[in-house]
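Here are my notes on this one, as numbered points. Have the viewer open while you read.

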Amino acid sequence: MGFLKVEIYIPEEFVIELANDLNERDLLREGNYDYAFTTTQVTSYWRPLEGAKPFDGKVGEVSKAREMKMEFRIEAEDRDEVHRIISRIHPYETPVVNYIALV
């Protein structure tokens, strides 16, 4: 069994909903603790291209906004379940989610 570090960039107003859903499925557990995750405030930049349906911003214009970088550790075998939960809750059509193998 291996572990993955999950990094996700998400609007702040969605962090608690995502954390609650992950925790309800025991995916934020570390030993005798649950709700084990961190957040860091970041500033993100993007420009929606033709054909995009942006949650925020306008096609062809560079946008920036405050977001949260949410980080937590999961067992590698839980990756697909975590990704389904993120995809259901995250408002972006293309969320940035990094899965980093831990040794």
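1. First, a term: a charge sits over a ring if NZ of Lys or CZ of Arg is within 6 Å of the ring centre and within 35 degrees of the ring normal. By that rule Arg79 lies over the face of Tyr99, 4.1 Å from the ring centre. Arg73 has its charged end over the ring of Phe3, at 4.0 Å from the centre.

2. Some housekeeping: this is a predicted model, with local features needing pLDDT of at least 70 and side-chain atom pairs 80 or more, while totals for chains, interfaces and linings use all residues. Numbering starts from 1 along each chain as its sequence is written, and side-chain values use heavy atoms, leaving out hydrogens and water.

3. Now the rings. Aromatic pairs (Phe, Tyr or the six-membered ring of Trp, centres within 6.5 Å; planes under 30 degrees apart are stacked, over 60 edge-to-face, the rest tilted) turn up two times in the whole structure. Phe14 and Phe55 are edge-to-face, with 6.0 Å between centres and 75 degrees between planes. Phe14 sits in the loop between β1 and α1 and Phe55 in the one between β2 and β3, so this pair ties together parts 41 residues apart in sequence. (Helices are DSSP runs of H or I, at least four residues, and strands of E, at least two, numbered from the N terminus.)

4. Phe55 also pairs with Tyr92: the centres are 5.8 Å apart and the planes at 50 degrees, so this one is tilted.
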